[in-house]
Every structure is written in structure tokens, then in C-alpha cells.
Amino acid sequence: MTDARTDEEIAQAVQAGESELFGVLIDRFAPKLRRYGQRFLSMQEDVEDVVQDAFIKAYQNIRRYDPKQPFSPWMYRIAHNTFVNALRAKARRPVLVFDFDTLVSFSMAQEEADEGAKRREMRELIERGLGALSPKYREVLILYYLEEQSYQDIADILQVPVGTVGVRLRRAKEALLRAYADSGIDAI
Amino acid sequence: MTMQENTDRHEDAAQPAGSTRERVLAKIRTGKVKAQSRAHIALSIAALIITALAILAVSALLINYIAFGLRVTQRDALLGFGPRGISAFLRLFPWPLVILDLLLVGVGEWLLRSFKFGYRIPVLYLSIGILIVVAALGVSLDRATPLNETLMMQADRHALPQPVGAVIERLRAADRPAQGVCRCVALSVGTTTITAYDSAMGTTSTYTIVLPRDSRATTSVRAGDVLFVAGDTDDQVFRAYGIRVIPRAQTIIEPLR
């Protein structure tokens, strides 16, 4: 049986002690987070465990969630942090902590290739080329083009200024096209 | 991983959420996983805020100490002594304290990034904002409150706990002629020289201060004046390139005569 309540209403009920309702949130978000995790982590075998860890952390911290805010970016942020920790645990070299893109503000230039055929084409390019990109660029491309999150939500998920999302997205696309060029594949 | 493998891997990404759901709910039901209580969350947020504020307060106190040090040692006078004075000012500036303060601001900034307003502001702007606030607080503490003068008097009476007392007392010995600057008391004033003594650190040394050629110091300095002098020391002769009479109200760290 499906629950007609919104994510925010269900999260509020879980905060009040209806812990079984957390299962509804898992049903709603597990496919999205599994898909995000597979794309972001570039590994198949551990994704299920990492997604499970993300839900456990979300439940442990559920009372930190503000029901006046949308639930989705909050859940994605916890998942994202869990994925980043999983990447760090697997990395032979430490993952760079400081990101110079967050140093100053950037003008909010919205991507132009947002609509219709261009967006579909971009999605296909991203799906095929993700493995060649660094996590910093992978995450923003996945969240914007594949998970269809807004700039503001991406900023909240990644905990960076919203202007940084725009500049990182542009650099990620450039890196993707470079990766195609290096592979000798015509991207466009 | 090739691009084609990457595509293939994502095509069967959709799996039933049932196993994840059951495993997570089983941990919740058995009590292995518990939601943090509101009290625990409130306490952890309060601890974070208090830690951030404490770090920023220490940072402001450090700036207050730097400002007090510059004021009472009269080193700011060096900025009016031309290029050599500016060079000496930069050389004598307490850079380790500034670096320590920047580190504290960095830690404070990192803690504030846990909050939404913190990560929404670019790192550089937030850091500069914090620095301006703590600098304004620190300088205000020095200029607008009797805090430092009170501490200095208590340090004189050895009434401050260590190491605070020692830190305040250190300002007395901040400048020595070997460093190219000295605070000393004029004994007699000649046409091109001033005889002065410096009695900091419990030992008294008498210097002959050779004045710069175009100096008007011999007309403005009186015996008994407290002087701040910048120059080159050669045995007991101090060849000055800058000299300033310290107003009596600002001589709180001068030795008693």
C-alpha cells in the first residue's frame, strides 16, 4: 500500500517516533540513491552496503532534519557524505580536502544546454564518460543532469556556495569533453 | 573502466529496495540503530557553537594583545621613520602571533561551515568577514576598555596566574638596542647627541644617541623625557634615524625613575 503523505510529513512522523514509517522513505529513496551511488562510486559490489549505511545515518540523525525544508536534498546530502567517506576509505591517496572553487563567489550562469535534445544528449555522454572523471566533477554532473536536482539543492547537498555549482558544472563538462577527445571518440 | 562498461553497469541499476529496507528496519527494531535524542542534538549543536565562539574569542584576545604590544612598545612610531623605519616595523612585527591568529580564524571558519549560512558564503569572504569582526573586537578591547592597563598593573604586582602574567610582562622586554630600537630616558640633551639610559630587565645601560642631521629633537627633547629611538647600535653609541618623545600618559611600561 502506498503512503500518500509527502516525504516531509513522513519524516516528521518518524521524528515523532513512528520508526516503521522510515521504511516508506527507504522505498522512495533507495532506487535513486543506489543509482546515484553506482554512478558516483564507479563500483558495483559495495554500493548496496554504502546505501544501507546512508539510510542508517539518516535515521540516526532524523531529528536534525528540519521538516520545513525539503527532505530530498537532506537525504541526498547524507548519502553524498557517505559515498565520499566510502571513496576516501578506498582511495590509495588521500582525497583532496580543500576545493579552490569554494574560495570566492562566481556569477550564477545557468547552463544553456538544459532543455530537450541537448539535455538528453548530455545525459548519454555523461553515462558513458563518468568513469574518466574525478569525483568532484562526477558528483555535480550526476546530480544536475541525471538526478535533475536544482542548483540550490546541489549546493545544499554538496555544502558549497550556489555559484560554485555553476562553475564546477562548466568545468565538469569541459573535463568530460576532454576525456572523450583523449579517448579518440567524437563526443558531438 | 571503459566508457562502454560504465554504461552497461548502470543499465541494471534498479534493484528492489526490499532488502535494504528490511535490513535497516531490522536494526531499528532490535535497537541496534537508534535515532539521536533531541537533547543530544541540542547539546552537540551548543557545543559546536560554544567551541566556535571560544576560538573566535581567543582570536580577538590575541589581536588585542598584538594591538596593545604595538601601542605600549611604540613600535607604530617606526612607520613614520621612513623606509628604514617601515622595514624595522615589519621585521619586529609579531608575525608568529599573526599566524597563530590566522590558524584560529581558519578553525573557526571550518566550524561555522557546519551551518547553512557558513557553507553558503565562499570560504574567502567568510574568512575575511571573521577576521574583520575579531580584529575590530580585539582593537576595541585595547582602545576602548581598561583591560590591558589593568592586566599590566596586576602583572606588576605579580597578581596574575602564569603564564598570563609572563606574557604581559614580556612586553617590557620587547625592544632592545641590539634589535635596532630602544625605549630610554633622556639624561641630558646636547647639540647633536642625547645621553639616555635604558633600565629594562633590571640592568641599566647608558647610551649616547647620535641624532639624524636634520633632526629637531634637540629642541623638543627635555631631560627626563621618555624616548623611542630607532637606529644602529655600536657599543654604547646609538646612531638614530628616528626619534619620538613618548607622551607621559603612554609610558606605562617604562621603568620607574
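1. What share of the contacts in chain B with a separation of 6 or more comes from residues 24 or more positions apart? The share is 60%, where two residues are in contact if their C-beta atoms, placed from the backbone, lie within 7 Å.

2. The model is predicted, with local features needing pLDDT of at least 70 and side-chain atom pairs pLDDT 80 or more, while totals for chains, interfaces and linings use all residues. Residues are numbered from 1 along each chain as its sequence is written, and chains are lettered from A and ligands numbered from 1 in the order in which they are written.

3. Chain B has 10 helices and 5 strands, taken as DSSP runs numbered from the N terminus (helices H or I, at least four residues; strands E, at least two). Of its 257 residues, 26% are buried, that is, with 20 or more other C-beta atoms, placed from the backbone, within 10 Å of their own.

4. B:Arg244 lies in strand S5 (residues 237-246) of chain B and counts as buried because it has 20 C-beta neighbours inside 10 Å. Beyond its neighbours within four places in sequence, B:Arg244 contacts B:Gln74, B:Ala77, B:Leu227 and B:Phe228.

5. In chain A, helix H1 (residues 7-15) packs against helix H2 (residues 22-41) at an angle of about 145°, with the axes 9 Å apart; axes are lines fitted to C-alpha atoms over the stretch in contact, and angles run from 0 to 180 degrees between N-to-C directions. A:Asp7, A:Ile10, A:Ala11 and A:Val14 of H1(A) meet A:Phe22, A:Val24, A:Leu25 and A:Arg28 of H2(A).

Notes: Buried ≥ 20, exposed ≤ 12 C-beta atoms within 10 Å, placed from the backbone.
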